[in-house]
Amino acid sequence: MTDYDMRAAICKEMDPELWQPERSGSSPRGRRKESEQAIAICQTCPVRLACLDAAMVEEARESWRWGIRGGLTARERGKLAAALEAVA
């Protein structure tokens, strides 16, 4: 994602920990609630698709996934990557 894209990102003004529920120390139920909150914010973000695209590119290159990016959890992005690879 470019710096220009980030200027329009809703998350840039929020606590970054919200997008990393797996690191919050919360219970599984608490992490789910945090994930849902972050995803709801992402759904209204004008750069959500650019963010998701950047996450997919970075994660394919680095082979690791974390947090909420582009409105999807790390697990959801992993499933998306596998599905995209299957049709490529």
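Analyst: **The core and its setting**

The protein carries 14 positive and 14 negative charges, whose mean positions lie 5 Å apart. Lys and Arg are taken as positive and Asp and Glu as negative, with His and chain ends not counted; each charge is placed at NZ of Lys, CZ of Arg, CG of Asp or CD of Glu. The model is predicted: local features require pLDDT of at least 70 and side-chain atom pairs pLDDT 80 or more, while totals for chains, interfaces and linings use all residues. Numbering starts from 1 along each chain as its sequence is written, and side-chain values use heavy atoms, without hydrogens or water.

The protein has four helices and zero strands (DSSP runs: H or I of at least four residues, E of at least two). Its radius of gyration is 13 Å, close to the 12 Å of the globule rule for 88 residues, so the protein is as compact as a globular protein of that length (C-alpha atoms; 2.2 Å times the number of residues to the power 0.38). Of the 88 residues, 33% are buried, meaning under 20% relative accessible area with a 1.4 Å probe, protein chains only.

The largest nonpolar core consists of seven residues: Leu18, Trp19, Ala38, Ile39, Ile41, Cys42 and Ile68. Such a core is a set of buried Ala, Val, Leu, Ile, Met, Phe, Trp, Tyr and Cys residues joined through side-chain atoms within 4.5 Å. In soluble globular proteins, nonpolar side chains tend to be buried together.

Beyond its neighbours within four places in sequence, Ile39 contacts Ile68, Gly71, Thr73 and Glu76 (heavy atoms within 4.5 Å).

Conventions. Buried means under 20% relative accessible area, exposed over 50%, partly exposed in between (1.4 Å probe, protein chains only).
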